[in-house]
Number of protein chains: 2
Amino acid sequence: MSPTASPDPSEPPWLDEDELAAWMATTALIIRLPGALDAQLQADQGLTFFEYLVLAVLSEQPNRTLQMSVVAAETSSSLSRLSHVVKRLEAEGLVTRERVPGAGRRTNAVLTAAGHAKAVAAAPGHVARVRELVVDAVSAADLAALRRVSETVLARIDPGRSC
Amino acid sequence: MSPTASPDPSEPPWLDEDELAAWMATTALIIRLPGALDAQLQADQGLTFFEYLVLAVLSEQPNRTLQMSVVAAETSSSLSRLSHVVKRLEAEGLVTRERVPGAGRRTNAVLTAAGHAKAVAAAPGHVARVRELVVDAVSAADLAALRRVSETVLARIDPGRSC
DNA sequence: CGGAATAACTTGATGCATCAAGTTCTTGGG
DNA sequence: CCCAAGAACTTGATGCATCAAGTTATTCCG
């Protein structure tokens, strides 16, 4: 799996042609894909992609309840970001929060009926867009490669998650 | 246009296990990678990733000059976003703008000496991080796949670019 | 030749993300 | 016991992105 064993222990400074082309394409992807997902959800349901993610994560729980910090981990966000978003979702009646007694400041986010309905309403359009843009647009092999790459990169961004 | 009651001929509604895993990994990637790149550049040079991109694109031009809308295209951004950023970069003395006479509202962004120096100073650390997180972290085959995927997805996000 | 349409930006308002600091429980060491 | 340290959030300020609307040439065409 290790790509190279070059004589120089530190990697070469700049990127070669292929590396650069791959990186620039990736750059464009991470700039534009979030916007494309936001646009669909915003137009159809008035939701941010990140808001949708929060609702979706809660929807998957048996009791539609999950501790804030767990939701943060599941959505790859900071607790601070999540807190702000949940406050907004709470104001819209899609989520509530409840402190877990006898457990420090631990807090659960709970999806309301309206929140669940919103997630259910938003899912098909969102999934369709995800299929259209990504999942159905590339080969199964490339999709598997995308997963491998993503997981590898995430592990490097955040060392000390999966060890 | 035969009136059919058979199952929807379009793609299946939800994602299967592999698709979902790939998509969730991708989701985490597009959420966290930009922040990781920003963090390095911000800490080392006080630059946003996007600001760096603008400087880098201009650096590559023979006369360090490029029309605003071309820069926007190269950096995958809207002209509006670019305009705000260039205004900021101009205030910091890294870039100047000049109207192209006799060509409508056409405007060139020009890298100053300070801007070029900034780009040169920022490049090694940025490239090192890009290598560490992505380019050197995955196999050449996976990097090629990442490029294919990115280009495919970008083409779907923005139909009518390459035709 | 004149006025409408178009191209290429710029600007201002709004909203979301991030960072640092604050709050509130719980626990573990002296 | 009590105090200090830590865990798990929340809050407020700041800054960047986005969207809609405004500006300013230029071109098209009738």
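In this predicted model, the residue of chain B that comes closest to the rotation axis is B:Ile30, whose C-alpha lies at 2.7 Å from that axis. The same surface serves both copies, since 100% of the contact residues of chain B recur in chain A. The points below turn to the rotation itself and then to DNA strand D.

**How the two chains are related**
- Chain B is superposed on chain A by a rotation of 180° with 0.0 Å of shift along the axis, and the RMSD of this superposition is 0.0 Å.
- The two copies are therefore related as by a two-fold rotation axis.

**The surroundings of DNA strand D**
- DNA strand D is surrounded by 22 residues, and the closest of these are A:Ser69, A:His84, B:Arg81, B:Gly104 and B:Arg105.
- Of the atoms of DNA strand D that come within 4 Å of the protein, 57% belong to sugar and phosphate.
- The surface near DNA strand D has, by class, ten polar, eight charged and four nonpolar residues.
- At least two residues of this surface near DNA strand D are supplied by each of three helices, namely H3 (68-74) and H4 (79-91) of chain A and H4 (79-91) of chain B.

**Individual contacts with DNA strand D**
- On the phosphate side, an N or O atom in the side chain of A:Ser69 is 2.5 Å from a phosphate oxygen of DNA strand D.

Key
Residues numbered from 1 in each chain as written. Chains lettered and ligands numbered in written order. Predicted model: local features only at pLDDT ≥ 70, side-chain atom pairs only at ≥ 80, totals over all residues. Heavy atoms only, no water. Near = heavy atom within 4 Å. Polar contact = N/O pair within 3.5 Å; in protein donor to acceptor, adjacent residues only side chain to side chain. Helix = DSSP H or I, 4+ residues; strand = E, 2+ residues; numbered from the N terminus. Nonpolar A, V, L, I, M, F, W, Y, C, P; charged D, E, K, R; others polar. Least-squares fit on C-alpha atoms with pLDDT ≥ 70 in both. Contact = heavy atoms within 4.5 Å.
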